[in-house]
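Please read them alongside the sequence and the coordinates.

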Amino acid sequence: MTLNDVWFIAIAVLWVGYFVLEGFDFGVGMLLPVLSRDGVERRVMINTIGPVWDGNEVWLLTAGGATFAAFPEWYASLFSGFYLPLFVILVALILRGVAFEYRGKRDSDRWRANWDKAIVFGSFVPALLWGVAFANIVRGVKLDASHEYVGTLWDLLNPYALLGGLVTLSLFATHGAIFVSLKTVGEIRRRARSIALQAGVVAAVLAVAFLVWTQVMSGNAVTIVMAALAALAFVGALGMAVAGREGWSFSLSAAAIGLAVASLFVVLYPDVLPSTLDPANSLTVTNAAASPKTLGIMTWVAVIFLPVVLVYQSWSYWVFRRRIGVQDIPA
């Protein structure tokens, strides 16, 4: 195994972590008007992710930075070809972060309602577009011999990619509802369990269709097993939610998302961005990688600092582990 392979795996792990952790953030944000009945309940929902949402976004920043440093050709082709969707995602994430910080700055119902709409928008758009983007990466795009994207925006909105977007949207909604049921008490918890089951049934149907399509298109024995395990884990998550075992439900939901995302990277390897025009134009872990010296330095930095980041984030989740309810919100 070369350093190119090591960093491909590392980037895959970073995206798995991002989708699992930021996934429930997006879900909570999208479900804000669905699960809450008044301002106090909205505050409860926001407080469930308040201590962790910005830490979860570190996984995205690290994944982007690692891609830029380890596979600059991949980064350049990806961000030039997917410029508009990625720009929209960035704007939505910025708006969402500002909304979390500013919704409580004024004692006005209208002020908070407008920022709550921004949270919903800033959660819905990335949840949809990340699925569209990753489906296109797996399917391949129009790359010429210079590894430049020569397609159009409409080429990215193909049926497979749109299905991928609906899958991430419904999975994150389910994951978020399970997280709310894990972190709250009372009526919100019961509502969240009900929504998790309803959204989960839709997500299961869409996810199975997407995974089957992926396997037929370019799967292998390993990815078939991973996809099957992801499906079983997700069904188990819904079963645990019905039984009121939210801890197990959330763990299985996280495992399902992690296995599904990991299977996409296994399908992709050794390519990092396939070309639909000519396989010879595809970007791979070899022709898209940085120099061995760069990858070596990055490896030492990761070995030193990654454990520190993991310990700190784990500690923050442990500190804010208890359930909350409307009784915890000051008048």
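1. Contacts of L14. Leaving aside residues up to four places away in sequence, L14 touches W59, T62, A63 and A66, where contact means heavy atoms within 4.5 Å. L14 is found in helix α1; helices (H or I, at least four residues) and strands (E, at least two) are DSSP runs, numbered from the N terminus. L14 counts as buried because its relative accessibility is 11%; buried means under 20% relative accessible area, exposed over 50%, and partly exposed in between (1.4 Å probe, protein chains only). The C-alpha atoms of L14 and A237, 223 residues apart along the chain, are separated by 23 Å.

2. Basis of the values. This is a predicted model, in which local features need pLDDT of at least 70 and side-chain atom pairs count only at pLDDT 80 or more, while totals for chains, interfaces and linings use all residues. Residues are numbered from 1 along each chain as its sequence is written, and side-chain values use heavy atoms, with hydrogens and water left out.

3. Geometry of α5. Helix α5 (residues 58-70) has 13 residues and should span 18 Å at 1.5 Å a residue; its end C-alpha atoms are 18 Å apart, which agrees. The expected span is 1.5 Å times one less than the number of residues.

4. Which residues of α5 are buried? They are W59, L60, A63, A66, T67 and A70. These residues cover an arc of only 130° around the axis and therefore lie on the same side of α5, the arc being that of the directions from the helix axis to the C-beta atoms. An α-helix has 3.6 residues a turn, so residues three or four places apart point the same way. On the other side of α5, L61 and F68 are exposed. The cover over the buried residues of α5 includes α1 (3-30), α4 (53-56), α6 (72-81), α7 (83-102), α8 (109-139) and α14 (292-319).

5. Largest pocket. The largest pocket has a volume of about 560 Å³. Of its 25 lining residues, L60, G64, F79, L86 and W130 are the closest to the centre. On a 1 Å grid over the protein atoms alone, a pocket is an open set of points where a 1.4 Å probe fits, with protein on both sides within 12 Å along at least five of seven lines; lining residues have an atom within 4 Å of a point. Helices α5, α6, α7 and α8 each supply at least two residues of this lining, and α7 gives the most, with 7 residues. By class, the lining has 21 nonpolar, 3 polar and 1 charged residues.

6. Second largest pocket. About 480 Å³ of space lies in the second largest pocket. The closest to its centre, among the 20 residues that line the pocket, are W7, L14, T62, A302 and L306. Helices α1, α5 and α14 each supply at least two lining residues, with α14 giving the most, 10 residues. This lining has 16 nonpolar, 4 polar and no charged residues.

7. Backbone points to check. Most residues other than glycine have a negative phi, and most peptide bonds are trans. The peptide bond from Y269 to P270 is cis, with omega near 5°, and P270 lies in the loop between α13 (246-268) and β1 (271-273). H147 has a positive phi of about 65° although it is not a glycine. H147 lies in the loop between α8 and α9 (153-156) and is buried, with a relative accessible area of 15%.

Conventions. Points joined across faces, edges and corners; volume = space filled by probe spheres on them. Nonpolar A, V, L, I, M, F, W, Y, C, P; charged D, E, K, R; others polar.
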